[in-house]
Amino acid sequence: MSRKLQAPRGTLDVQPGDARRRLRLQRIAAEVLGRAGYEPFETPVFEDTELFARGVGESTDIVQKEMFTFEDKAGRSLTLRPEATAAICRAYVEHGMHKLAQPVKLWTWGPFFRHEAPQAGRFRQFTQVDAEALGSDDPSLDAELILLLAELIERAGAGPARLRLASLGTPETRAAYVEELGTYLRAREGELSGEVRERLEQNPLRAFDADHPGTQAVMRDAPRLLDRLAPEDAAHFAEVRALLDQAGLAYELDSTLVRGLDYYTRTVFEFESERLGAQAALGGGGRYDLLVEELGGPSTPGVGWAAGIERILLASPDEPDGDARVFIALAKPGAMTAAFGLARRLRGEGIRVEIEQAGRSLKGQLKQADRIGAHTTLILGDAIDVKDMRSGEQRQVADPDEAVAAVRETLR
Ligand code: AMP
């Protein structure tokens, strides 16, 4: 017997009900972002591997362990995109968008790929919606983007979400801080867990995430990056916070917020759902004022976020779409011709119409009308019966014009 074929590990088939919810979410995203002047934009699903190595950072987990990398027939190394920002910056430079009026505001939606261990809410192919504003370091852009993601989560029904917020300052501030933290931890090495001690040289920030009670006690008094920001970075962050406060959006300052990408400067943030388990991050992002230059472009500040569609949908209730539906039942041989014409007319009015197309008995057809949640069923026999599926009332009309009028009536 031949082997049963299955979708690759960590991927998912988006089945009809879920696909409908995704489309709805995409419409919400287009509306929320469109109103703030963000334009839809798309980049390829694969890019030169070097873009991510340089953009995301050689030492990150994403680049070290999680990329789907392959060679094309000419031996070039390509990678399925693990995130959106690096590619959008590449496109910004490639198309000379720095010559446009700034900031350039873009959003995109599509599949992303990371070779992670699959679990609930974590896939190897997942979908992100992503918004970016390039060409200005105005703190109102940071606040605007955070508020737009909050609105998207809220309107998707995935709230309440916890917002964690911090500023990373500049790479220099961060390097000096990491050194200070390392010195602090080395002086207390005996109280730390073995794991934290081992990683001390590599990444002392990890110590903030430790479950180990001794380490946690040490971390309570550890120096915080937020207290070490240079005056202009601290002022930028204060302005972001003031705008969020004014908008009434609650957040938690979290000095330990580390995001898995190297390119962030200043503002970083993450939204977490209270309804999800271990993989609770709905979306996050931050400012990346050095990335465009890093990728060979002119010095260009930028800020943006990405949110996971599968996670947002996992965190939101499954609501029926509420669309009006009409079913046309065929009660005599040859009724299809009239049904077909009637369906086209009603569909032309924006009504969702399905016709009997599987040769069922009349009883079976009425069952099918129920199954699809029809509001109205038209039964085409010698006359046309209009059945209101909610009240069960049925009346007869003489011709298609009257049937159309009756449908409009029942849907009112
Ligand atoms: P990141 O840029 O890594 O913060 O990703 C942004 C958002 O994408 C996260 O908050 C998640 O909602 C989603 N996401 C990231 N990785 C995955 C994954 N492997 N599977 C599903 N969603 C993911």
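Predicted model: local features only at pLDDT ≥ 70, side-chain atom pairs only at ≥ 80, totals over all residues.
Let me begin with a definition: two residues are in contact when heavy atoms of theirs lie within 4.5 Å. Leaving aside its neighbours within four places in sequence, L181 is in contact in this sense with P204, L205, F208, M219, A222 and P223.

Residues are numbered from 1 along each chain as its sequence is written, and side-chain values use heavy atoms, with hydrogens and water left out.

L181 brings us to the cores. A nonpolar core is a set of buried Ala, Val, Leu, Ile, Met, Phe, Trp, Tyr and Cys residues joined through side-chain atoms within 4.5 Å, where buried means under 20% relative accessible area, exposed means over 50%, and partly exposed is in between, with a 1.4 Å probe and protein chains only. The largest such core has 44 residues, and L181 is among those with the most contacts inside it, as are C89, L134 and F208. Helices (H or I, at least four residues) and strands (E, at least two) are DSSP runs numbered from the N terminus, and of these elements α4 gives the most to this core, with 6 residues. Apart from it lies another core, of 41 residues, among them L33, I153, V240 and I309.

Let me turn to helix α12, residues 336-348. Which residues of α12 are buried? They are A339, L342, A343 and L346, and because they cover an arc of only 105 degrees around the axis, they lie on the same side of α12; the arc is taken from the directions from the helix axis to the C-beta atoms. The face turned away from that buried side carries the exposed residues T337, R344 and G348, whereas the cover over the buried residues includes β12, β13, β14 and α14.

Finally, the aromatic rings. Rings of Phe, Tyr and Trp (its six-membered ring) pair if their centres lie within 6.5 Å, with planes under 30 degrees apart counted as stacked, over 60 as edge-to-face and the rest as tilted. By this rule there are 4 aromatic pairs, including the edge-to-face pair of Y263 and Y288, at 5.8 Å centre to centre and 70 degrees between the planes. Y263 and Y288 are both buried.
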